[in-house]
Amino acid sequence: FSPFVALNFTIFIIQPHIPVHYTNLITIPPYSQMQWGVLISTVVWSLGGYDYVGSIAGQIKGGKRAFILGIITTFPLNLVNYLYPLLLTFIVDGNISHWQAGYFTQFVGRYFPFWLCLWMVGSSVLSNFGGLASGMSQLSWTIWAMGKGRKDAVARHRYLPYFVSWSWSREESGVMAVRPVLAILLNGIIVLAVSVLNYNFLSQVFLVVRSANVLCEYAALVRFKYSQPDMLRPFEVPGGKVGAWLMVMPTVAICAFTMAQSDVQAFLTGAACVVFVALCYPMKMLWVWVTHRVYLVLSRTVN
């Protein structure tokens, strides 16, 4: 859909009845008008699909080569896909104050034929549904595994109630296929609940949580470079300890800058989510210890 919409944008932009200001492309908005927290969180959110690809690249035969080729070929396409319509829109309306959530669709409806507006809305719905489906697939299996725990040798520990692992199984081509039904339903309910929130707020909360996740991953990377430098990995950061530090520092700087520029309410909400998730593990271990002690006491009493 995106190439078709971009083509129509190009065709209609060159028509004389649409005001075009190419000087907008060299206009730098004032720093005070830039919502850096929303901007960076939107960019990170838009490119989040590479995390899903990276999570499985090391698990397939030839994954390293496939992952590198995928990044090299898809990143320029994604860049053009996002940047091209934005540039075409900016040369018509360069007023930053107009660019709020949902303005892209409003812009199409204001300057272009109605059928193109409908096409834009339809392609946006399908695109978002595709992104939701890919993310929900990964997260549903994670919830399912956290509910299963050691049962059926799925995971080492069980962090969620067992009922969330309820699934539907059937045999397909001689292989038992499992569908994490309840995990998918829980994902859908959560998505519906958060979809009513303001986009700017939600995107910044997401970035705070994502930044905490990335900082933990990079801290583990640097730690393993010191504690286990010779351990074999599917992907190895070159340069040893110095290479690891050089790789993580730009991301750490961007995370710190984004958090400093984010809204206070969004930052506190994201921080509260991070603290809650961090406390879940010791609370789980405490619960296991208490239940084990109670079991021992009851066993001695009965005996």
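**Terms and their grounds**

Tutor: Let us begin with Lys 225, which is buried, with a relative accessible area of 5%. The model is a predicted one, in which local features need pLDDT of at least 70 and side-chain atom pairs count only at pLDDT 80 or more, while totals for chains, interfaces and linings use all residues. Residues are numbered from 1 along each chain as its sequence is written, and side-chain values use heavy atoms, with hydrogens and water left out.

Student: Why is Lys 225 called buried?

Tutor: Buried means under 20% relative accessible area, exposed over 50%, and partly exposed in between, with a 1.4 Å probe and protein chains only. Lys 225 has 5%, and is therefore buried. Buried residues make up 23% of the 303 residues in the protein chain.

Student: In which helix is Lys 225 found, and what does this residue contact?

Tutor: Lys 225 belongs to helix α8; helices are DSSP runs of H or I with at least four residues, strands are runs of E with at least two, and both are numbered from the N terminus. Contact means heavy atoms within 4.5 Å. Leaving aside neighbours within four places in sequence, Lys 225 is in contact with Arg 233, Glu 236, Val 237, Gly 240, Lys 241 and Ala 244.

Student: What makes α8 and α9 roughly antiparallel?

Tutor: Helix α8 (residues 199-227) and helix α9 (residues 240-261) pack at an angle of about 160°, with axes 10 Å apart. The axes are lines fitted to C-alpha atoms over the stretch in contact, and angles run from 0 to 180 degrees between N-to-C directions. Angles over 145 degrees count as roughly antiparallel, under 35 as roughly parallel, 65 to 115 as roughly perpendicular and the rest as oblique. The two helices are therefore roughly antiparallel to each other.

Student: How do you know that the buried residues of α5 lie on the same side?

Tutor: The buried residues of α5 (residues 103-111) are Tyr 103, Phe 107 and Val 108. They cover an arc of only 145° around the axis, which puts them on the same side of α5; the arc is that of the directions from the helix axis to the C-beta atoms.

Student: What makes up the largest nonpolar core?

Tutor: A nonpolar core is a set of buried Ala, Val, Leu, Ile, Met, Phe, Trp, Tyr and Cys residues joined through side-chain atoms within 4.5 Å. The largest has 11 residues, among them Tyr 103, Phe 107, Val 108 and Leu 116. Helices α5 and α6 (114-148) each supply at least two residues of this core.
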